[in-house]
Amino acid sequence: MFLAELQQEERKAFLELAALIAKIDGKISIFETSILIRYQKEMGLENYKLKGLAIDEILKVFKNERSKNIVLTELLQLIYSDGVFHNQESETIKFIKSYFGFDSSEYGSFKDWIVKIKELSVSKGRH
């Protein structure tokens, strides 16, 4: 949604992070795969080859507040794409949130917002 606003280095880092999150529960769902492909297209990185960077190497790329907000929002959307919020995903989001310096109320509003978007997209598909 907002990934085009990221700088080139941030886009690559985000793709690394999204792939890391998608496979954190041991498997990448079809929903997660389609979102990863959409991310690549949105950021113009269709031919990017993942390097498998460590999470702290990835997170240090994001320096400004807007980029951090975009990353957290998009990651929550990815996590909720398969309808399940796994413990490993929860722990990783908590780590990212802490690394970025977000407090729990900011995280709560992001999470609520993503859940509302998901509900809208599900109800839209029923009509």
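Guide: Let us begin with two helices. The axes of helix H1 (residues 8-22) and helix H4 (residues 65-80) come within 10 Å and cross at roughly 30 degrees. Please bear in mind that this is a predicted model.

Visitor: Why is H1 called roughly parallel to H4?

Guide: Angles under 35 degrees count as roughly parallel. The axes of H1 and H4 cross at roughly 30 degrees, and therefore H1 is roughly parallel to H4. The crossing of these two helices, H1 and H4, is also right-handed.

Visitor: Which residues of H1 and H4 meet?

Guide: From H1 come Glu10, Phe14, Leu17, Ala18, Ile21 and Ala22, and they meet Ser67, Val71, Glu74, Leu75, Leu78 and Ile79 of H4. By class, the residues of this contact of H1 with H4 are nine nonpolar, one polar and two charged.

Visitor: What makes H4 roughly antiparallel to H5?

Guide: The axes of H4 and helix H5 (residues 87-100) come within 11 Å and cross at roughly 175 degrees. Angles over 145 degrees count as roughly antiparallel, so H4 and H5 receive that description. In their contact, Lys68, Val71, Leu72, Leu75, Leu76 and Ile79 of H4 meet Glu89, Ile93, Ile96 and Phe100 of H5. The contact of H4 with H5 has eight nonpolar and two charged residues, and no polar ones.

Visitor: How do you know that H1 is roughly antiparallel to H2?

Guide: The axes of H1 and H2 come within 11 Å and cross at roughly 180 degrees. The cut-off for roughly antiparallel is over 145 degrees, and therefore H1 is roughly antiparallel to H2. On the H1 side the contact is made by Phe14, Leu15, Ala18, Ala19 and Ala22, and on the H2 side by Glu32, Leu36, Tyr39 and Gln40. Seven of the residues in the contact of H1 with H2 are nonpolar, one is polar and one is charged.

Visitor: Why is alanine 19 called buried?

Guide: Alanine 19 is placed in helix H1. Its relative accessible area is 8%, and buried means under 20%, so alanine 19 counts as buried. Apart from residues up to four places away in sequence, alanine 19 touches Leu36 and Leu50. Alanine 19 and glutamate 32 are 13 residues apart along the chain, and their C-alpha atoms are separated by 8.8 Å.

Visitor: What makes isoleucine 96 a buried residue?

Guide: Isoleucine 96 lies in helix H5. Its relative accessibility is 0%; the limit for buried is under 20%, and therefore isoleucine 96 is counted as buried. When neighbours within four places in sequence are left aside, isoleucine 96 is in contact with Leu17, Ile21, Ile55, Leu59 and Leu75. From C-alpha to C-alpha, isoleucine 96 and aspartate 56 are 9.0 Å apart in space, while 40 residues separate them in sequence.

Visitor: How do you know that threonine 92 is buried?

Guide: Threonine 92 is also found in helix H5. Its relative accessible area is 10%, and the term buried requires a value under 20%, so threonine 92 qualifies. Threonine 92 is in contact with Ile21, Ile24 and Ile55, its neighbours within four places in sequence being left aside.

Visitor: Aspartate 25 is found in a loop. Why does aspartate 25 count as buried?

Guide: The loop in question runs between H1 and helix H2 (30-42). Aspartate 25 has a relative accessibility of 15%. Buried means under 20%, and therefore aspartate 25 counts as buried. Residues up to four places away in sequence not being counted, aspartate 25 touches Asp82, His86, Gln88 and Glu89. Aspartate 25 and asparagine 87 are 62 residues apart in sequence and 8.3 Å apart in space, C-alpha to C-alpha.

Visitor: How many helices and strands are there in the protein chain, and what share of its residues count as buried?

Guide: The protein chain has six helices and zero strands, and its elements from the N terminus on are α-α-α-α-α-α. Of its 127 residues, 42% count as buried. The protein chain exposes about 7,200 Å², and carbon and sulfur atoms supply 55% of that area. Among contacts between residues at least 6 apart in sequence, 81% join residues at least 24 apart.

Note on methods: Residues numbered from 1 in each chain as written. Predicted model: local features only at pLDDT ≥ 70, side-chain atom pairs only at ≥ 80, totals over all residues. Heavy atoms only, no water. Helix = DSSP H or I, 4+ residues; strand = E, 2+ residues; numbered from the N terminus. Buried < 20%, exposed > 50% of the residue type's maximum accessible area, 1.4 Å probe, protein only. Contact = heavy atoms within 4.5 Å. Areas by Shrake-Rupley, 256 points an atom, 1.4 Å probe, with all protein chains shown as cover. Axes fitted to C-alpha atoms, helices over the stretch in contact; angles between N-to-C directions. Parallel < 35°, antiparallel > 145°, perpendicular 65-115°, else oblique. Left-handed = near helix turned anticlockwise from the far one by under 90°. Nonpolar A, V, L, I, M, F, W, Y, C, P; charged D, E, K, R; others polar.
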